Amino acid sequence: MKKFLIILLVCALCAGFCLPVFAEEETGDRLLTLVNPWNTLPEDWTVELVNIGNGHKVDKTCYDDLMAMLEACRADGLSPQVRSSYRTQKTQEQLYANKVRQWKGYGYDEEAARKKAATIVAVPGTSEHQLGWAVDIVDESYQVLDERQAETAAQQWLMAHSWEYGFLLRYPIDKSQVTGIIYEPWHYRYVGRDNAKKIFASGLCLEEYLEQEAQRSDVKATVQAALDRIPVDTVRRIFRLLTRGDALFEIITGQISDVMKP
Ligand SMILES: [Zn+2]
């Protein structure tokens, strides 16, 4: 990492570049579309709905993997049940309004009730269920949507295996501050098998993963832009210096900070 930073600094200096301020970028992967309290459903979002039984529908993109996941879970003797799936804007509006009403019933004023409701039911236009790629799954033996759901056998299985089928437990217990949503040990979001494998292994939630990817591509683009402007021989010499040990880092960083002095 140290070497990498120095290379970046040297390249940036040689090319007269400023280091970038990291900004979130589009990954270009539709499967990683971010929908959360701060990112609304894309206006041109379209779904191709497929029935999955009991009145539930999902977008065709995740249908095969969802069926495979539920089947594998059942094959292990468990009883997962889809409790919620694709939602229209109208359905989401009704759910949200109900939740606001509930909190007002507890004595909260309109604004406070709305805020409280938003951590439990996504504000219309910001629910992953509107993507057609999210499902709430419960264990047949315990169908309540609360934290105890995490202790059920079906949920334990899903938490361990959903990534193998392209799904993520989207609102983990320790990420509420980042996702803006309470711990939901029943909400699974489809991101495709390759993405799910990487994200699960990283231990990051989707927001953190996307931020990390954006930073990586910013760094790559900056280094590449700088390298493109330095003669290859110079790059080779800098690289040789940088791979010769810590003592040289000090000389190089010393020189860089001298140059950077106002
Ligand atoms: Zn959900």
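Strand E4 (residues 134-139) pairs with E6 in the antiparallel sense over three bridges. Two strands count as paired if DSSP finds at least two bridges between them. Helices (H or I, at least four residues) and strands (E, at least two) are DSSP runs, numbered from the N terminus. The model is predicted: local features need pLDDT of at least 70, side-chain atom pairs count only at pLDDT 80 or more, and totals for chains, interfaces and linings use all residues. Residues are numbered from 1 along each chain as its sequence is written.

Asp136 stands opposite His187 in E6. Val135 has Tyr188 of E6 as its bridge partner. Strand E5 (residues 167-169) also pairs with E6, again over three bridges and in the antiparallel sense. Here Leu168 stands opposite Arg189 in E6.

These pairings belong to an open sheet of four strands, in the order E3-E4-E6-E5, with antiparallel pairing. Strand E3 (80-84) and E5 are the edge strands, and each pairs on one side only. From one strand to the next, the twist averages 40 degrees. Axes are lines fitted to C-alpha atoms, for helices over the stretch in contact, and angles run from 0 to 180 degrees between N-to-C directions.

In a regular strand the side chains alternate between the two faces of the sheet. Strand E6 (residues 187-190) is covered on both faces. His187 and Arg189 lie on one side, Tyr188 and Tyr190 on the other, and all are buried. A residue is buried if 20 or more other C-beta atoms lie within 10 Å of its own, exposed if 12 or fewer, and partly exposed in between; C-beta atoms are placed from the backbone.

Glu184 sits in the loop between helix H6 (176-179) and E6. Glu184 counts as buried because it has 21 C-beta neighbours inside 10 Å. Glu184 and Tyr171 are 13 residues apart in sequence, yet their C-alpha atoms are 5.4 Å apart in space.

A separate pairing involves strand E1 (residues 49-53) and strand E2 (residues 56-59), which run antiparallel over four bridges. Gly53 has His56 in E2 as its bridge partner. The two strands form a hairpin with two residues between them. Asn54 lies in the loop between E1 and E2. Its phi is positive, about 55 degrees, although Asn54 is not a glycine. Most residues other than glycine have a negative phi, and most peptide bonds are trans. Asn54 counts as exposed because it has 9 C-beta neighbours inside 10 Å.

Helix packing was examined for H3 and H4. The axes of helix H3 (residues 89-105) and H4 come within 8 Å and cross at roughly 125 degrees. H3 is therefore oblique to H4. Angles under 35 degrees count as roughly parallel, over 145 as roughly antiparallel, 65 to 115 as roughly perpendicular and the rest as oblique. H3 passes H4 in a right-handed crossing. A crossing is left-handed if the near helix is turned anticlockwise from the far one by less than a right angle, and right-handed if clockwise. On the H3 side, the contact is made by Tyr96, Lys99, Val100, Trp103 and Lys104. H4 contributes Glu110, Ala113, Arg114, Lys116 and Ala117. Two residues are in contact if their C-beta atoms, placed from the backbone, lie within 7 Å.

Lys116 is found in helix H4 (residues 110-118). Lys116 is partly exposed because 16 other C-beta atoms lie within 10 Å. Not counting residues up to four places away in sequence, Lys116 touches Trp103 and Tyr108. The C-alpha atoms of Lys116 and Lys104 are separated by 9.8 Å, with the two residues 12 apart along the chain.

Glu207 lies in helix H8 (residues 206-227). With 18 other C-beta atoms within 10 Å, Glu207 is partly exposed. Leaving aside neighbours within four places in sequence, Glu207 is in contact with Leu34, Asn36, Val178 and Thr179. Glu207 and Arg87 are 120 residues apart in sequence and 22 Å apart in space, C-alpha to C-alpha.

At the chain level, the protein is divided into domain 1 (2-24 + 214-260) and domain 2 (30-212). Domain bounds come from an automatic or database domain assignment. The C-alpha centres of domain 1 and domain 2 lie 42 Å apart.
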